[in-house]
Amino acid sequence: MRKRKVELPIIGWREWVKLPSLGVDKIKVKVDSGARSSSIQAVNLKTFDRDGEQWVRFKIHPIQRSIKGTLDAEARVLEFRSIKSSNGIAKIRPVILADIELLGQVWEVELTLASRDNMGFRMLLGREAFRDRFMVDGGRSYYGGRPDRKKKVNRGPKTDSEPQNQGKS
């Protein structure tokens, strides 16, 4: 018997998501079908016991290349898992469960907690998180749209003493 083909929604290789259970209103993720697990940038990890279960308290820097908007979060530890990073080095990381929202869908994903401050994206969405849920268009981004950005203050035209923007940025 042949499986019936199901039309899945399409997402791009980068998307904006919400993590409501962690208090994250928006974070840009790299959708990576080459990575099995998902990972979020987390620093100052402190494990503790709550009602006989192991929990972790940590800080999230959701804005790329910035520590502004740091969020405090905590979650129950699902397990500690050996994760091999893209450089081939394996490290033991805590794994938590968190709700994620993308294209109007909300579901629970496993997230490993790792220092991603030096990485291009503060979160990596691995294939286990979107398997049987979305198709990925590796040539496009932001099928789910972009969040509203704060408007920059117009400071008027540049003077001769200010450098002019030469070329594309």
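**Arginine 81, which counts as partly exposed at 23% relative accessibility, and its salt bridge with glutamate 79.** The model shown is predicted, so that local features require a pLDDT of at least 70 and side-chain atom pairs count only at pLDDT 80 or more, whereas totals for chains, interfaces and linings use all residues. Residues are numbered from 1 along each chain as its sequence is written, and side-chain values use heavy atoms, with hydrogens and water left out. The closest N and O atoms of arginine 81 and glutamate 79 are 2.4 Å apart, a salt bridge being a side-chain nitrogen of Lys or Arg within 4 Å of a carboxyl oxygen of Asp or Glu. Glutamate 79 is likewise partly exposed, with a relative accessible area of 32%; here buried means under 20% relative accessible area, exposed over 50%, and partly exposed in between, with a 1.4 Å probe and protein chains only. On this scale, buried residues make up 34% of the 169 residues in the protein.

**Arginine 57 and glutamate 74, joined across strands E6 and E7.** The structure holds 6 salt bridges, and in one of them the side chains of arginine 57 and glutamate 74 meet at 3.1 Å, N to O. Arginine 57 belongs to strand E6 (residues 53-60) and glutamate 74 to strand E7 (residues 71-84), so the pair ties together parts that are 17 residues apart in sequence. Helices (H or I, at least four residues) and strands (E, at least two) are DSSP runs, numbered from the N terminus. The two strands run antiparallel and are joined by 6 bridges, with arginine 57 standing opposite glutamate 74 in E7; strands are said to pair if DSSP finds at least two bridges between them. Both partners are partly exposed, arginine 57 with a relative accessible area of 40% and glutamate 74 at 29% relative accessibility.

**The salt bridge of glutamate 128 and arginine 131.** The side chains of these residues meet at 2.8 Å, N to O. Glutamate 128 counts as partly exposed at 46% relative accessibility, and arginine 131 also counts as partly exposed at 46%. Elsewhere, salt bridges that share partners join Arg50, Arg57 and Glu74 into one network.

Histidine 61 is buried, with a relative accessible area of 8%, and a polar contact of 3.5 Å joins its side chain to that of threonine 70. A polar contact is a pair of N or O atoms within 3.5 Å, where within protein one must be able to donate a hydrogen and the other to accept it, and where residues adjacent in sequence count only if both atoms are side-chain atoms. Aspartate 72, by contrast, counts as exposed at 59% relative accessibility. The C-alpha atom of aspartate 72 is separated by 4.7 Å from that of lysine 59, although these residues are 13 residues apart along the chain.

**Antiparallel pairing of E7 with E8 and of E8 with E9.** Strand E8 (residues 90-102) is joined to E7 by 7 bridges; valine 77 stands opposite isoleucine 96 in E8, and the bridge partner of isoleucine 83 is lysine 91. The hairpin of E7 and E8 has 5 residues between the strands, and in it glycine 88 takes a positive phi near 90°. The hairpin of E8 and E9 has 2 residues between the strands, and leucine 103 in the turn has a positive phi of about 50°. The protein as a whole contains 1 helix and 11 strands.

**The largest pocket, with a volume of about 870 Å³.** Of the 22 residues that line this pocket, the closest to its centre are Trp16, Lys26, Ile63, Pro147 and Arg149. On a 1 Å grid over the protein atoms alone, a cavity is a set of points where a 1.4 Å probe fits but cannot get out, whereas a pocket is an open set with protein on both sides within 12 Å along at least five of seven lines, and lining residues have an atom within 4 Å of a point. Grid points are joined across faces, edges and corners, and a volume is the space filled by probe spheres set on the points. Strand E2 (14-19) and strand E3 (24-32) each supply at least two residues of the lining, and E3 gives the most, with 4 residues.
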